[in-house]
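Dear colleague,

Please find below the structure that I am handing over to you. My notes on what was found in it follow directly after.

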Amino acid sequence: MATTSRRVLLCLTCPRQNSKLVKLVLRSLYSLKIQQRTFGVRNMCSSFSALNISHLDEKLEIPKAADSHLTPSIFDDELVNKFVNCMMWDGKKSVSQTILKMALEDIKAEQLKKRRMSSDPESILADPLKIFTEAVENCKPVVGVIAMRRGGRVFQVPTPLPPNRRRFLAIKWLITAAREQQKTNKNARMYKKLAKELLDAYNNEGTVIKKKIELHKRAEDNRAFAHYRWW
């Protein structure tokens with residue numbers, strides 16, 4: 001015990017041996033750091049191998065924030081916005097949006113009720129926006145008639161309709177049918193009648209589908225004057 005204490009005292013008193021001792025301590029610390037680093041690298045490699053990540057895999061993309069103009073609102077859709085603008089009265093767009101929103105909510109409630117009562121619930125669509133889009137698509141006429149004067153007489157000439165005209169007629173017929181039903185029953189709310197017309201059009205029923213069929217029949221009856229489109 002005395003000899004070891006003397007050696008320590010000699011090391012502490014002698015500057016040459018003191019420098020050797022400091023070097024020895026620094027080397028041991030450096031080797032300890034290297035061991036810790038290698039252990040950390042081994043752990044990282046094992047974790048990457050567990051995740052099956054290799055240099056051949058694609059680079060992981062960092063998710064970006066959504067653009068400022070994007071919104072989850074239903075009124076961001078072009079068809080819905082067009083329907084709201086056509087139904088708007090006296091510039092009160094918020095009232096028109098509220099009516100359409102309540103109509104879509106009523107459609108969803110009605111479809112969920114049918115789904116609960118049905119034996120095959122998967123066959124009944126409950127998304128009101130898809131029902132609205134398909135209802136408008138079912139109401140679009142394919143051909144129409146245009147009044148043309150030829151030889152002092154006016155002929156109803158059948159002609160194919162452009163996409164904008166087809167969409168406008170479908171929206172106009174749906175809104176007009178809902179308003180006419182509201183006149184017959186004054187206690188009925190507009191969104192209730194609109195929901196009923198949309199559901200009827202979705203099922204290929206109702207007054208709007210009858211209007212489309214009548215227009216197609218009129219074009220079919222006047223097909224003999226179709227050549228006046230080019231003459």
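D106 counts as partly exposed, because its relative accessibility is 22%; the term covers values between the two limits of buried (under 20% relative accessible area) and exposed (over 50%), computed with a 1.4 Å probe on protein chains only. Please note that the model is predicted: local features need pLDDT of at least 70 and side-chain atom pairs count only at pLDDT 80 or more, while totals for chains, interfaces and linings use all residues. Residues are numbered from 1 along each chain as its sequence is written, and side-chain values use heavy atoms, with hydrogens and water left out.

The side chain of D106 meets that of K192 in a salt bridge, at 3.3 Å from N to O. This pair links distant parts of the chain, since D106 belongs to helix α4 and K192 to helix α7, 86 residues apart. K192 is likewise described as partly exposed because its relative accessibility is 40%. A salt bridge here is a side-chain nitrogen of Lys or Arg within 4 Å of a carboxyl oxygen of Asp or Glu. Helices (H or I, at least four residues) and strands (E, at least two) are DSSP runs, numbered from the N terminus.

Helix α4 itself spans residues 93-117. It has 25 residues and reaches 36 Å from its first C-alpha to its last, close to the 36 Å expected at 1.5 Å a residue; the expected span is 1.5 Å times one less than the number of residues. Its buried residues are S96, L100, A103, L104, I107 and Q111. An α-helix has 3.6 residues a turn, so residues three or four places apart point the same way. The cover over the buried residues of α4 includes α3 (78-87), α5 (128-139) and α7 (190-202), where contact means heavy atoms within 4.5 Å.

The structure holds five salt bridges, and two further examples may be of interest. One joins E137 and K140, with the closest N and O atoms 3.3 Å apart. E137 is partly exposed because its relative accessible area is 45%, whereas K140 counts as buried because its value is 17%. Another joins E220 and R223, with the closest N and O atoms 2.9 Å apart. E220 is partly exposed, as its relative accessible area is 43%, and R223 is exposed, as its relative accessible area is 57%.

N222 lies in the segment after α8 (207-221). This residue counts as buried because its relative accessibility is 15%. Leaving aside residues up to four places away in sequence, N222 touches Q156 and P158.

I turn now to the strands. Strand β1 (residues 143-150) contains M148, and it pairs with strand β2 (residues 153-160) in the antiparallel sense over eight bridges; two strands pair if DSSP finds at least two bridges between them. Within this pairing, I146 stands opposite V157 in β2. The hairpin of β1 and β2 has two residues between the strands, and G151 takes a positive phi near 60° there.

Is M148 buried or exposed? M148 counts as buried, because its relative accessibility is 19%. Beyond residues up to four places away in sequence, M148 touches R153, V154, F155, V157, Y228 and R229. M148 and F225 are 77 residues apart in sequence, and their C-alpha atoms are 9.8 Å apart in space.

Yours sincerely
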